[in-house]
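Hi there,

Here is the structure I promised to pass on.

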Amino acid sequence: MQINIFPLNLLKNSQNKASIHLIGSNLSTLDKSDIQNDIVNTKDFYQNKDSNYTNSDVKNYEFSDYLESTTYIESIKDALNLRYDFKPNSGKGVILSGICKDKIIILIGKDGDQSTKWKLVGSCIFDKVDYICHQNADLIIDDIEEEIPHIINQIAIGVAIKSYSFTKYYKAKADDNKIYFSNLNIYVSDKILEKTKELFKDTKAMIDGMNITRNLINEPANVIYPESFANYCNAIAKEVGLVAKIIDKEEMESLGMNALLGVAQGSDKPPYLVILEWWGKDNNKDNNKDNNYQNNLISFVGKGVTFDTGGINLKGSDHIAEMKYDMGGAGVVTGLMYSLAKRKAKINAIGVLGLVENMPSGKAQRPGDVITSMSGQTIEVDNTDAEGRLVLADVLWYVQEKYQPNTIIDLATLTGAVKVALGNNCAGLFSNDDDLAKKISDIGDKIGEFIWRLPMGTRYDEQINSSIADIKNVGQGYGGGSITAAQFLKRFIQSNRKWAHIDIAGVSWNKSGDKFIQKGATGFGVILLDRLIKEYFENN
């Protein structure tokens with residue numbers, strides 16, 4: 001999706017474009033008489049285009065006072081054939097939409113969930129324009145209220161998210177899955193033009209990073225495996241000025257990363273560790289004269305199991321094909337680092353990806369094996385399908401020893417238990433720092449990527465004690481599986497680090513799509529962490 005911001009004086013009429021009109025308490029660009037004439041004169045258009053349209057759907061209504069009327073929604077419902085599933089609900093905001101020839105009308109209520117409201121408008125815009133098979137559309141914004149540039153950016157995010165569709169491997173089905181709408185021109189008044197453009201530069205970088213994440217997660221495991229993932233990271237790093245470093249199996253062996261290597265040993269595909277560095281605040285740590293760059297450094301760690309069979313503890317057949325997305329955490333970190341570099345974020349950030357494939361074979365790790373991690377702690381492998389935490393144990397220790405960051409945030413599709421606890425609309429958050437956890441949660445609430453903090457503590461920690469080693473990789477007893485997994489990771493966090501773990505197992509993948517997004521990878525986490533950096537870290 002190409003999105004452009006233009007001044008209003010460049011707006012030109014075209015029969016090959018759709019025009020979009022937003023109507024609400026803050027946005028009012030509808031030429032009422034023009035739309036009324038279109039409604040009266042388009043009965044044949046509706047009837048011929050789709051059997052769902054009938055003459056009774058199109059009536060001649062007076063539009064003179066509906067903006068002020070408490071019942072205007074009912075009037076518009078009668079006048080337009082609504083194609084989007086929004087229902088009036090007492091006490092909540094409402095969004096309703098309809099099509100009049102090439103004009104798309106979207107009614108926006110005053111209230112509603114502000115974290116998702118404008119993204120939902122963007123999603124609705126995409127659905128409407130694509131439905132009438134237009135490639136191009138104009139969105140006209142002539143309001144000069146201060147918040148309009150922010151609203152426009154939220155709308156753009158909504159359009160971009162909904163317009164993404166992974167159709168790379170459709171050949172015979174290509175026409176049936178064609179996306180028509182590919183170019184949105186947004187026209188704004190001169191008074192808000194520069195601010196809108198400036199905000200959108202960062203938004204565009206964030207959208208591009210999110211799409212990188214979604215592409216990586218959507219790709220099948222015969223295309224994205226540890227080596228190809230590492231090569232891809234190397235290529236995009238050159239594009240935006242990231243410093244990419246790739247550590248192979250031999251070097252990891254010399255570093256003592258046996259927890260990660262144990263997961264990988266059953267596969268014919270070798271593991272890799274990828275480091276993506278962005279020195280946006282001090283250009284390079286070596287140029288920082290007081291050598292105190294760690295105070296400004298944040299690290300993001302991603303679990304990158306490019307396919308997870310479960311190993312010897314083999315998964316069932318029901319969902320095993322979906323395990324290509326078990327590298328979702330690494331995908332998010334890759335997209336985030338790309339976004340930070342592309343928008344030239346004033347932050348020092350390190351992204352580290354542990355890339356492995358977990359396969360059963362005669363070489364594979366066995367349940368009951370004991371390994372020595374990079375930290376020196378010994379681990380009893382009680383279940384080979386609890387492999388992600390083994391990978392992260394060594395990657396977390398590596399980044400602390402190598403870069404000594406002040407703050408570490410790891411992301412992983414770590415447990416099925418977090419889906420049981422929170423479903424598919426909320427990620428699980430665990431942290432050793434209340435302030436960091438609150439900042440992440442607050443940003444999630446603000447942008448509509450919802451996070452719920454779950455408890456940690458001694459009683460949970462005791463569940464992962466081993467009778468034969470320092471720690472074991474699954475908890476004793478039933479329940480609390482996402483918590484004991486987080487407790488395991490905490491054992492590998494040094495005492496002077498602020499740390500947060502985000503379990504994205506329930507939110508990384510959308511099986512069927514919804515009103516915000518197409519089916520497949522969601523890219524959850526890229527916008528969340530980019531906004532976290534911008535709001536709380538960049539200006540410190």
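Glu387 is buried at 2% relative accessible area (buried is under 20%, exposed over 50%, partly exposed in between, with a 1.4 Å probe and protein chains only). This is a predicted model, where local features need pLDDT of at least 70 and side-chain atom pairs count only at pLDDT 80 or more, while totals for chains, interfaces and linings use all residues. Residues are numbered from 1 along each chain as its sequence is written, and side-chain values use heavy atoms, leaving out hydrogens and water.

Glu387 sits in the loop between strand 12 and helix 11 (DSSP runs numbered from the N terminus: helices are H or I of at least four residues, strands E of at least two). Leaving aside residues up to four places away in sequence, Glu387 touches Val263, Lys303, Val305, Asp308, Asp326 and Asn358 (contact means heavy atoms within 4.5 Å).

The unreviewed UniProt entry lists Asp308, Asp385 and Glu387 under "binding site"; such annotations may be inferred rather than shown by experiment. Although these residues span 80 residues in sequence, no two of their C-alpha atoms are more than 8.6 Å apart, so they gather at one spot.

Asp385 is in the loop between strand 12 (378-380) and helix 11 (388-403). With 26% relative accessibility, Asp385 is partly exposed. Its side chain makes a polar contact of 3.0 Å with that of Lys315 (a pair of N or O atoms within 3.5 Å; within protein, one must be able to donate a hydrogen and the other to accept it, and residues adjacent in sequence count only if both atoms are side-chain atoms).

Best wishes
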